[in-house]
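This report is written for a reader new to the structure shown below.

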Amino acid sequence: MIRNVLILLVSIVVYLNFGITNFLFILFSILTTYIAAKFLEKRSKKIILTIAIEINAFILIFFKLYGANLFPSLEENWNLVAPMGVSYYTLQVISYLVDVYKGKYKAENNFFYYCLYIFYIPHLFIGPISRYEDMKKQFLTPTKISFTNLYNGALRFAWGLLKKLVIAGRASIVIATITQGGEIYQGAYALLAMLLYSIQLYTDFSGGIDMVMGVSKMLGIELQENFDSPYYAQTIKEFWRRWHISLSSWLRDYIYIPLGGSRCSKIRKVVNTLITFLVSGFWHGANYLLWGILHGIFVLLGDTLKTKWKWLNRGITFVLVSFLWSFFIWSNTGEAVRMMGSVFTTWNIVDLGNNILNLGLTFADWVVLLVFTLVLFVFDGNKSKIIQKVKKWSPEVKTIILCSILLCIFILGIYGIGFQVDDFIYSKF
Amino acid sequence: MKTKLRVITIVIIFLLLFIFFNRLLQPKYMDTLVEGSMISQYYHEPKDHEVVFIGDCEVYANFSPMVMYEKEGIKAYVRGSSQQLIWQSYQILKETLHYEIPKIVVFNVNSMRYDKNSKEVSEAYNRLTIDNMKWSQEKIDIIQDSMTEDETFLSYVFPILRYHSRYDELTAEDFEYLWKRKDNTYNGFLINKNIKGVTSLPIQRRLAEYQFSEECYQYLDKITNLCRENNIQLVLIKAPSLYPYWYDEYDEQIRNYANEHDVDYYNLKNYVDEIGIDYSVDTYDGGLHLNLTGATKLSEFFANLLKKNYDLTDYKGDEIYEEKLKEYKETIQ
């Protein structure tokens, strides 16, 4: 109990640090959904559910549209900033309401636990998007702070930090050089930016999630895994089972299945899939609708593009996903499409080869980037085996690994004066 | 118990490795950018100086204590550093007083023109002054007084946080001077034999504001008071550089301050002919700093000036200084 009180207090203090307006928004979401759930429990009326969801979804939708510069007149007069974590906690409160409405579990009587669920600061900014029943179990399980948890948590945290600072940090330098370099960086440069962005986004996001998991582990709280070696997927459909799992499963449970899922006509299934991916795109930002639709189309294509060679499938999927990340790299949709096209029209691979050391990284930096990406790739390919082994490691081995990771971060991390340590990419969605 | 012991041992080994990398990655300032090593060379000097200089490059490039010793038997030390700002000079003086109480402190007032909002305040220069200072209250204060917006105190405690990206820039110098250091100066004087005479100077533009900031005056007051409390004669000087321009308005303010606070002020630009400085040969960078010949002329003149006006001991014949002088002469030949 003391642990939970402390977590809530620290979470509120940290959140308050982002300003009282942010705090009022999140409090509004908590109060409206907490009260609505209580009503839903007594009278299971769809109108209450609809109103509560709509109010909260409206805030999220408004800020997504506002973020895409769709309200220029508003922008002139108001300096609005989306509340921190609104994309995450809105999905959480909606899942809670729907679950209570469907009778999956009872509405929470204890306001403290509900606040703790939403405010739980480690997962508030980049997820994973947790479900209430899972979190409540975690909060209720009496946990002593144990050395095993501390060690494992610290290891996970350090591994995440390494991914963020050593790999993502380096990749971001090259991508920034290419995207800010103007017309000369097309063709092979654009392709390099896409492939590197795949690595950056994955290491940035999964690194952040590792850190969240690590802190939670230290506190004795187990969160849902958000990644399952996504770049080992052989199709885009499989990719979405492995990438941002908490969002994918949320979309499945609260959008796709309520729309009818796959137990319906073929046309309806196509529509349901496209709507789900449209929502997914919109959740990332109103600029990413096309990205969502394209993913939806590739999901519908399913195994059509699949060959009998699994490594070729993985390669094709990786390249496809990388191409589609273009919408994230070049936030202007037209520019993203032009850059994708330039890969096929501008043949400048030799120029890229000659210029590779002028993209912001030294030779040693490229070696570090490639070596650590390779380490990550091998790790991802043998994840379950490695995790099992880690669990069996003696404290001595764990200490050596932890200290080595920390030393790598201190020396090879991209941070400090002269470097821009970006916020986690997914904290901006 | 055995496990705990082993874990502790591993942690200690990694802490040692951490310390090792802190040292390895920090610039050594031995063969390149030697200005960064000057502040620390003072620590292994005998602390019996009667004259201590504080200030920016205009002191370490222009005043040679060895010449002052040879000429008048004065034991002097220059605690100068690149772009040493007045709040840094104050802390360096405070630190110096923990080691010795000189008879005279000479402060070059050039830094009065820069307050904490000046664009001249930069992390790179801060590092040259602060990185190699020994840990003391003064070092803590100087860091806090000097830090720019991007800097963190922790990066001064653990230099790896600042210099980690040097991992692919390490040179033989970093390994050679990992644990030992060599002296690059003679009592704080940095020898430069190059000649780059004055050919032209930038246009002397009128400034919108000549008034020294309140902040700089406060630090000058602190320096004055510190000297007074320790019975030290404070001598304000302006070294005879041609650029950046030392405006008459600046000069007047320092003159007034000196009169009001009963300290001496010498604008050495006014003695250029008497000193015999020839800016076509006595400077290594077109008039900003004097070279060896210029510094020798100025040091002889200034040693004479100090000897005439203040009660200083003639240490000629001192064993250590004679040895140093011999070495100095070999170096400058």
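## A parallel strand pair in chain B

In this predicted model, strand S1 (residues 51-55) of chain B pairs with strand S2 (residues 76-80) of chain B in the parallel sense, over five bridges. Helices (H or I, at least four residues) and strands (E, at least two) are DSSP runs numbered from the N terminus, and two strands pair if DSSP finds at least two bridges between them. B:Ile54 has B:Arg79 of S2(B) as its bridge partner.

Five of the five residues of S2(B) are buried, so the strand is largely enclosed by the rest of the structure. A residue is buried if 20 or more other C-beta atoms, placed from the backbone, lie within 10 Å of its own, exposed if 12 or fewer do, and partly exposed in between. B:Ala76, B:Val78 and B:Gly80 point one way from S2(B), while B:Tyr77 and B:Arg79 point the other way. In a regular strand the side chains alternate between the two faces of the sheet.

## Numbering and confidence

Residues are numbered from 1 along each chain as its sequence is written, and chains are lettered from A and ligands numbered from 1 in the order in which they are written. Because the model is predicted, local features need pLDDT of at least 70 and side-chain atom pairs count only at pLDDT 80 or more, whereas totals for chains, interfaces and linings use all residues.

## The two domains of chain A

Chain A is divided into domain 1 (2-140) and domain 2 (148-234 + 306-427), with bounds from an automatic or database domain assignment. Their C-alpha centres lie 30 Å apart. In all, 11 residues of domain 1 of chain A are in contact with 15 residues of domain 2 of chain A; contact requires C-beta atoms, placed from the backbone, within 7 Å.

## Nonpolar cores

A nonpolar core is a set of buried Ala, Val, Leu, Ile, Met, Phe, Trp, Tyr and Cys residues joined through C-beta atoms within 7 Å. The largest one has 101 residues, of which A:Leu97 and A:Ala193 touch the most other members. Both domains of chain A give residues to this core, so it lies between them. Another core, apart from it, has 70 residues, including B:Trp246 and B:Leu306.

## Where the chains meet

Between the chains, 19 residues of chain B are in contact with 14 residues of chain A. On the chain B side, helix H1 (2-25) and helix H9 (160-163) each give two or more residues, and H1(B) supplies the largest share, nine residues.

Methods:
Contact = placed C-beta atoms within 7 Å.
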